[in-house]
Amino acid sequence: MAGRLLSIGECMVELMQAEGGLMRKSFAGDTFNTAYYARQYLPADWHVDYFSAIGVDRISDEMRAFIAGHGIGTQTIAGIEGRSPGLYMIHLDKGERSFSYWRSVSAAKLLAHDGDRLRAAIEASDIIVFSGITLAILPAEDVETLLSELRRAKAAEKRVVFDPNIRPRLWDDADYMRATITEGARAATLVMPSLDDETTHFGDASLEDTIARYRALGVDGLAVKDGSKGATLVFGDRRSHVPSAEVETIVDTTSAGDSFNGAFLAHLAVQDNPETAARFAADVAAAVIQHHGALVAKDKLPKG
């Protein structure tokens, strides 16, 4: 059955390591990466759209063309005068990554400024994806605009998917960060957190604490990612654990969680089986971390 997935957030200019000490330019960002991997595995009659804002300059034109070139709809991307996309650089140390960011004039910070545009895009979609980074970059009043529309979507029984993806350097205040992440989860039907983030920033002593906290917010579905230990799934009264796929050599862990999310959502949309979706997503994430950069070409990924 055909449908539409809408991913909401910030796509940035990505600079990554290349041979000879050079840098290679691409475009990426957590919710865009999720849309990219979902597009690889959803049937052709499914639409995948990206909701964001960019500038009206040359690099913004390149970004829009890049997104469209990967089969993702750009009609929900606004162009804003005087703004431009953010930029980040990946630093690698034995496969683990860290980042430097330049995003002070990022147009994506204004993505939810037009509430009517936001509502129309969400109402036209069946699956809506957003993240803690989406919330972190927005002004407080626009956070409420976005969450209000997501709550409406949840009430309309759409699948609203939230990855907390906690990045404390994006938040001015830790208490506000935790409160906003909590409200993001409350607006979702499926939350896909990283256990390490939850224990670090919410003080959860165990996996059980994380599950209980999110279930208390009215979240029906959970896919708690725990790196090499796999993922724990809780859907209604059904609980299971899926191990991670084995990887001999880790090259770059950038987009490990995003690729898992995208592959999981695509499989779940078609098969409606969380366990097989998670096993497949684990295989995809394992393939992704064996290559450089956030977006790995389809011919290097497991077949759908």
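Visitor: Let me start with two helices: at what angle do α5 and helix α6 pack, and how far apart are their axes?

Guide: Two packed helices are described by the angle between their axes and the distance between the axes. Before the numbers, some ground rules: this is a predicted model, where local features need pLDDT of at least 70, side-chain atom pairs count only at pLDDT 80 or more, and totals for chains, interfaces and linings use all residues. Residues are numbered from 1 along each chain as its sequence is written, and side-chain values use heavy atoms, with hydrogens and water left out. Helices (H or I, at least four residues) and strands (E, at least two) are DSSP runs, numbered from the N terminus. Axes are lines fitted to C-alpha atoms, for helices over the stretch in contact, and angles run from 0 to 180 degrees between N-to-C directions. Here α5 and α6 (residues 174-186) pack at about 20 degrees, with their axes 9 Å apart. The two are therefore roughly parallel to each other (angles under 35 degrees count as roughly parallel, over 145 as roughly antiparallel, 65 to 115 as roughly perpendicular and the rest as oblique).

Visitor: Which residues of α5 and α6 make the contact?

Guide: Contact means heavy atoms within 4.5 Å. From α5 come Ala140, Val143, Leu147, Arg151 and Lys154, and from α6 come Tyr176, Thr180, Glu183, Gly184 and Arg186. By class, this contact has 4 nonpolar, 2 polar and 4 charged residues (Ala, Val, Leu, Ile, Met, Phe, Trp, Tyr, Cys and Pro count as nonpolar, Asp, Glu, Lys and Arg as charged, and the others, Gly among them, as polar).

Visitor: How do the axes of α3 and α5 cross?

Guide: The axes of α3 (residues 115-123) and α5 (residues 140-155) come within 10 Å and cross at roughly 25 degrees. That makes α3 roughly parallel to α5. Among the residues that meet are Leu118 and Ile122 in α3, and Leu146 and Leu150 in α5. The contact of α3 with α5 divides into 5 nonpolar, 2 polar and 4 charged residues.

Visitor: Now the sheets. In what order do the 4 strands of the open sheet run?

Guide: Strands of a sheet pair through backbone hydrogen bonds, either parallel or antiparallel. Two strands pair if DSSP finds at least two bridges between them. The order here is β3-β2-β6-β7, with mixed pairing. Its edge strands, β3 (23-28) and β7 (96-102), each pair on one side only. Strand β2 (residues 12-17) runs antiparallel to β3, joined by 6 bridges, and Leu15 has Lys25 in β3 as its bridge partner. Helix α2 (residues 58-69) packs on this sheet, touching β2 and β3, and its direction makes about 65 degrees with that of β3.

Visitor: Which strands stand at the edges of the open sheet of 9 strands?

Guide: The order is β5-β4-β1-β8-β9-β10-β11-β12-β13, again with mixed pairing. At the edges stand β5 (77-79) and β13, each with a single partner strand, so one side of each is left without a neighbour in the sheet. The partner β12 (residues 231-235) runs antiparallel to β13 (residues 238-242), with 5 bridges. Phe235 stands opposite Arg238, and Val234 opposite Arg239. Their hairpin has 2 residues between the strands, and Gly236 takes a positive phi near 60 degrees.

Visitor: How many helices and strands does the chain have?

Guide: The chain has 10 helices and 13 strands. Along its principal axes, the C-alpha trace spans about 50 × 45 × 40 Å.
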